[in-house]
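Trainee: I have a model open. Please show me how to read its packing.

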Amino acid sequence: TDAGFQSETLSMDPPAIAPERDLMSKFDGLIAERQALIDTGVIDPFAIVMDQVKSPTEAVIAGRDTILLGTYNYMGMTFDPDVIAAGHAALDQFGSGTNGSRMLNGTFRDHMDAEAALRDFYGMTGAIVFSTGYMANLGMISTLAAKGEYVILDADSHASIYDGCAQGNAEIVRFRHNSVEDLDKRLGRLPKEPAKLVVLEGVYSMLGDVAPLKEMVAVAKKHGAMVLSDEAHSMGFYGPNGRGVYEDQGLEGDVDFVVGTFSKSVGTVGGFCVSNHPKFEAIRLACRPYIFTASLPPSVVATAAASIRKLMTAHDKRAQLWANARQLHGGLTAMGFRLGTKLPDSAIVAVILDDQEQAVAMWQTLLEDGLYVNMARPPATPAGTYLLRCSLCAEHTTAQIDAVLAKFAAAGRAVGAIG
Ligand code: PMP
């Protein structure tokens with residue numbers, strides 16, 4: 001196999017079973033689409049392999065030193081020595097896995113410690129750790145809102161929020177992305193009596209735009225709805241304590257549930273929900289994605305706890321991350337690229353391209369020049385857009401971002417994205 005790429009070709013060989021009864025036939029379109037892309041001679045953007053990771057900002061891909069600008073390692077915690085030491089110690093003391101659900105044999109000392117760290121970080125009374133952020137949304141949304149109740153969500157919500165709706169039995173209502181007016185209108189049309197959950201995100205991960213949470217939470221309260229905010233892309237660097245956009249917009253005490261992940265700023269894997277609701281602990285008794293799956297390995301929750309505690313005082317890293325976002329956003333704007341936001345509102349800078357062909361060509365040119373960014377396309381992106389999504393890390397140096405900008409200038413000219 002080629003180092004740096006997952007090189008399996010997808011088979012189109014006829015199966016033993018009749019095509020109309022072959023459950024795999026439904027993927028023929030996808031297989032053909034992928035093959036057509038590969039046949040044009042491009043590298044598959046969704047099959048990258050990191051052969052070696054040297055730091056939060058550097059890896060070796062296909063034998064080449066590459067700057068990483070497409071990870072969610074916002075605070076650069078993955079190589080923090082204290083975080084790694086905590087993981088090693090837990091691995092040595094507790095072994096490699098728990099072999100069970102949190103409900104049964106899968107709650108170890110460090111699961112409790114990670115929840116304690118979350119309560120401290122958020123200043124909240126309740127914290128529940130899930131196995132991923134995806135499962136935190138799946139579990140919280142499907143468990144909170146029951147039959148006859150309502151979930152009201154932003155049209156551009158993350159897949160895990162949509163899947164939480166699909167898993168539950170509540171009525172689902174969507175409002176136009178980031179539109180306070182549409183949220184108000186849709187809530188106003190619903191019957192008054194049933195309980196309602198409004199689900200928002202602090203930062204939307206495709207364009208890197210921030211929600212007007214203050215206005216939205218006020219509208220939700222006016223209609224008697226509870227609020228869940230997914231702060232996956234804001235933890236660690238928004239608000240005085242790095243709690244997220246809701247803290248930055250002065251909404252402490254106004255958001256009923258905050259969902260987050262360990263896979264971004266925390267630098268490991270896992271998900272969570274925190275809340276001050278006095279009955280919050282009851283979620284553990286009813287939430288299927290909490291109960292019917294194995295808990296995280298002890299080394300993972302130990303690294304999470306160590307990382308979360310360090311994030312509480314990571315003021316210099318926060319400042320550096322914002323400086324990096326401004327440098328990249330300013331540089332790309334000056335070159336004439338179309339970006340997802342007018343201002344550097346978040347640590348995500350999305351470069352919007354004309355079509356798939358231009359996006360893939362630009363993505364590959366950058367990769368061959370030693371820069372990895374995320375290629376994003378529909379259905380993950382809003383409004384049929386093709387994006388090269390850059391996410392910054394507090395550990396990127398000014399010199400690295402200068403190098404990134406030079407690579408963007410060259411690649412952008414090569415594919416005709418800029419003049
Ligand atoms: N919510 C949002 C907004 C996300 O972007 C993501 C992951 N990209 C998740 C939840 C899921 O997090 P995890 O990776 O921990 O499953």
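Trainee: At what angle do helix α13 and helix α14 pack, and how far apart are their axes?

Mentor: Some ground rules. This is a predicted model: local features need pLDDT of at least 70, side-chain atom pairs count only at pLDDT 80 or more, and totals for chains, interfaces and linings use all residues. Residues are numbered from 1 along each chain as its sequence is written. Two packed helices are described by the angle between their axes and the distance between the axes. Here α13 (residues 356-368) and α14 (residues 398-414) pack at about 140°, axes 9 Å apart. Helices are DSSP runs (H or I, at least four residues), as are strands (E, at least two), numbered from the N terminus. Axes are lines fitted to C-alpha atoms, for helices over the stretch in contact; angles run from 0 to 180 degrees between N-to-C directions. That angle makes α13 oblique to α14 (under 35 degrees is roughly parallel, over 145 roughly antiparallel, 65 to 115 roughly perpendicular, the rest oblique).

Trainee: Which residues make the contact?

Mentor: Contact means C-beta atoms, placed from the backbone, within 7 Å. α13 gives Met 362, Thr 365 and Leu 366; α14 gives Lys 407, Ala 411, Gly 412 and Ala 414.

Trainee: What is the strand order in the open sheet of 7 strands?

Mentor: Strands pair if DSSP finds at least two bridges between them. The order is β4-β10-β9-β8-β7-β5-β6, with mixed pairing. The edge strands, β4 (126-130) and β6 (171-175), each pair on one side only. Twist averages 20° from one strand to the next.

Trainee: Which strands does helix α3 touch?

Mentor: α3 (residues 109-122) packs on the sheet against β4, β9 and β10. Its direction makes about 130° with that of β4.

Key. Contact = placed C-beta atoms within 7 Å.
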